[in-house]
Amino acid sequence: MLKIVTDSAANLTAEQAKEAGIEVLPYPVIFGNETLLDGVTLTVDGFYERLVTDPAHPHTSQINVSEFEEAFSRPENACPLFVILLSSALSGTADCARLAARNLGREDIYVYDSLGATIMEKMLVCEAIKRRDLPAEELAAVLDDMRSRMELYAIVDTLDYLYKGGRLKKSAATLGKIFRIKPVVTVSHEGKVELCGKAVGTALAIKNVAKRVSDVDENFPVEYLYSADDSLCRRLFNETAERIGGAKTEFAANLCPVIGVHIGPGAAGICFVRKKQS
């Protein structure tokens, strides 16, 4: 049986990881000269409090090769590993994991690029947990199919954080400052954060996201997220509830620090899997 390993971008709590028997490797979050570990020495609440008060805008660093080598070499990880990581379009972490596996001569480590982040990555991890008795290649094929039908849409309060983190061009980041425009972002099938819509005011932004939710595959849960304050997320949930049919909902995950650095407070989003086309 495969052991599932992931990173803290998957937005799993320590309790969820422990219950599922998986390992979560933390990303470094750096404020000035201070380096903290996402979910270890930095809590979600503590992060958002500091994000809006610390004059130094935080940045993140990938999990490096030596850290993966150390994790892969622990006795409890001597079994076959299936490692699900943050999109390679957003971080070089997956490449570091592959290099670590090669350095150790471990052919029983399968590194899977989620091409996603936060609740997208979490949903893939949860599906992998259910199917960890499969061979790695077969599990990867299952996740590939799921990922090809997965969609995430989020309303962000401002695009400034995506610009500061180098995830968006300045021209796009200035959009939200004009006429109370609320941007809607998505994660593309190439694993990139992209601006996919805009609305004047929060109410229209919620409707913009809601109309994108259709043909939900009820075999997978629908996940919601928020950053710092869940009030907008609750409004989004109410607007989309009828569109998700009988799918189980998870309400809701506070966006983890390693992603919150780039999104900022005041965001809300939804992630779901579309039905297969007949």
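Modeller: H11 gives the largest share of the lining of the second largest pocket, four residues. This is a predicted model, in which local features need pLDDT of at least 70, side-chain atom pairs count only at pLDDT 80 or more, and totals for chains, interfaces and linings use all residues. Residues are numbered from 1 along each chain as its sequence is written, and side-chain values use heavy atoms, leaving out hydrogens and water.

The second largest pocket has a volume of about 350 Å³. A pocket is an open set of points on a 1 Å grid over the protein atoms alone, where a 1.4 Å probe fits, with protein on both sides within 12 Å along at least five of seven lines; lining residues have an atom within 4 Å of a point. Points are joined across faces, edges and corners, and volume is the space filled by probe spheres set on them.

In the second largest pocket, 27 residues form the lining. Closest to its centre are Leu 90, Ala 117, Val 193, Ile 259 and His 262. Strand E8 (150-155), strand E9 (181-187) and helix H11 (257-263) each give two or more residues. Helices (H or I, at least four residues) and strands (E, at least two) are DSSP runs, numbered from the N terminus.

By class, this lining has 18 nonpolar, eight polar and one charged. Nonpolar means Ala, Val, Leu, Ile, Met, Phe, Trp, Tyr, Cys and Pro; charged means Asp, Glu, Lys and Arg; the others, Gly among them, are polar.

For context, the largest pocket has a volume of about 730 Å³. Its lining has eight charged residues.
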